[in-house]
Amino acid sequence: MSYISRDVLTAGQKRYLKVKRALDVCFALLLLLLLWPLMLLAALWVKLESPGPAIYSQRRPGYHQKIFSIYKFRSMRVETTRNGVPLSDEERVTRSGKILRKTSIDELPQLFNILKGEMSLIGPRPQLINDLETFTDEQLIRFEVLPGITSWTAIHGRNMIAVQEKYDLDVYYVRHIGFKIDAEIFFKTIPVVLSQENTVDLINEQIPASEILSDQEEREPALK
């Protein structure tokens with residue numbers, strides 16, 4: 001089914017998005033210039049620790065639900081079994097992967113997604129393709145803007161909040177998108193990353209939102 005655009009942005013917000021795109025490209029180029037030695041070391045560490053590519057890609061729905069390949073430093077072993085026995089995700093996570101995830105360095109290859117026009121520095125985090133069925137009609141307005149490396153949800157609890165609450169925070173962001181809210185996200189993301197707290201996003205660990213929602217619904221009665 002093709003995506004039906006929702007005209008929810010004001011004329012001012014649409015003008016801002018053009019400026020934001022230019023800023024995204026400038027920031028991405030600057031960060032790549034400053035961080036390429038760190039990214040090179042991260043890639044070498046991943047390659048030396050386990051066989052496989054240093055960077056992996058995964059298909060995600062982006063702007064207007066157009067499918068694109070998101071880039072990340074590989075944090076798990078390529079093999080899924082050992083001696084015929086399936087490996088759990090925890091067993092597949094490498095030592096380098098744990099550190100890259102905790103410091104959010106694994107997200108740095110997404111700077112190339114920004115240069116390709118597939119992502120923004122700030123915007124709703126891209127979900128899995130299978131998660132498209134978990135959105136309400138109102139929540140689909142998240143696809144009216146580019147997905148981001150950091151987001152409004154990232155500074156409001158990330159994986160510590162319920163999936164539907166994340167979606168609602170994304171709706172709030174899209175409806176209020178502008179320089180003020182983006183600046184707030186940018187500056188509040190810095191201490192979040194430096195503290196290395198609450199940095200693992202379950203969605204980005206390839207756990208479908210439907211499974212997270214089901215688990216939250218099962219635990220909810222016990223919490224009341």
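## Aromatic pairs

Phe135 is buried, because its relative accessible area is 10% and the cut-off for being buried is under 20%. Phe143 also counts as buried, at 2% relative accessibility. In this predicted model, Phe135 and Phe143 form an aromatic pair whose ring centres are 5.6 Å apart and whose planes stand at 90°, an arrangement called edge-to-face. The two residues also belong to a cluster, in which ring pairs link Tyr3, Phe135, Phe143 and Tyr167.

The count of aromatic pairs in the structure comes to 6. One of them joins Phe27 and Phe186, whose ring centres are 5.8 Å apart and whose planes meet at 45°, so this pair is described as tilted. The pair links distant parts of the chain, since Phe27 is in helix 1 while Phe186 is in helix 6 (residues 179–195), 159 residues apart. Phe27 is partly exposed, with a relative accessible area of 34%, and Phe186 is likewise partly exposed, with 29%.

## The overall fold

The protein has 224 residues, of which 46% count as buried. There are 7 helices and 6 strands, and, read from the N terminus, these elements follow the order α-β-β-β-β-α-α-α-β-β-α-α-α. Among the contacts with a separation of 6 or more, 72% are accounted for by residues 24 or more positions apart.

The protein exposes about 12,200 Å², and carbon and sulfur atoms supply 62% of this area.

## Salt bridges

How many salt bridges does a search of the whole structure find? The search finds 11, and one of them joins the side chains of Glu90 and Lys98, with a distance of 3.8 Å from N to O. Glu90 is exposed, with a relative accessible area of 56%, whereas Lys98 is partly exposed, with 46%. Another salt bridge is formed by Lys188 and Glu184, the closest N and O atoms being 2.9 Å apart. Because these two residues are 4 residues apart in helix 6, Lys188 and Glu184 are separated by about one helical turn. Both count as partly exposed, Lys188 at 41% relative accessibility and Glu184 at 28%.

Salt bridges can also be linked to one another, and here a network of them connects Lys72, Asp106, Glu107 and Arg125.

## Around Glu118

Glu118 is found in the loop between helix 4 (110–115) and strand 5 (120–122). Lys116 forms a salt bridge with Glu118, in which the closest N and O atoms are 3.5 Å apart, and Lys116 itself counts as partly exposed, at 48% relative accessibility. The side chain of Glu118 is also joined to that of Asn113 by a polar contact of 2.8 Å. Leaving aside neighbours within four places in sequence, Glu118 is in contact with Phe68, Ser69, Asn113, Leu146 and Pro147.

## Arg175 at the end of a helix

Arg175 is placed in helix 5, which is made of residues 163–175, and counts as partly exposed, at 39% relative accessibility. Which residues does Arg175 touch, if those up to four places away in sequence are not counted? Arg175 touches Val8, Gln13, Glu138 and Ile141. Arg175 and Glu144 are 31 residues apart in sequence, and the distance between them in space is 10.0 Å from C-alpha to C-alpha.

## Two residues with a positive phi

Most residues other than glycine have a negative phi. His64 has a positive phi of about 55° although it is not a glycine, and Ser104 has a positive phi of about 65°, again without being a glycine. His64 is placed in the loop between strand 1 (55–61) and strand 2 (67–73), while Ser104 lies in the loop between helix 3 (95–103) and helix 4.

Are these residues buried or exposed? His64 counts as partly exposed, at 26% relative accessibility, whereas Ser104 counts as buried, because its relative accessibility is 14% and buried means under 20%.

Notes:
Residues are numbered from 1 along each chain as its sequence is written. This is a predicted model: local features need pLDDT of at least 70, side-chain atom pairs count only at pLDDT 80 or more; totals for chains, interfaces and linings use all residues. Side-chain values use heavy atoms; hydrogens and water are left out. Buried means under 20% relative accessible area, exposed over 50%, partly exposed in between (1.4 Å probe, protein chains only). Contact means heavy atoms within 4.5 Å. Accessible areas come from the Shrake-Rupley method with a 1.4 Å probe; for residues, only the protein chains shown count as cover. A polar contact is a pair of N or O atoms within 3.5 Å; within protein, one must be able to donate a hydrogen and the other to accept it, and residues adjacent in sequence count only if both atoms are side-chain atoms. Rings of Phe, Tyr and Trp (its six-membered ring) pair if their centres lie within 6.5 Å; planes under 30 degrees apart count as stacked, over 60 as edge-to-face and the rest as tilted. A salt bridge is a side-chain nitrogen of Lys or Arg within 4 Å of a carboxyl oxygen of Asp or Glu.
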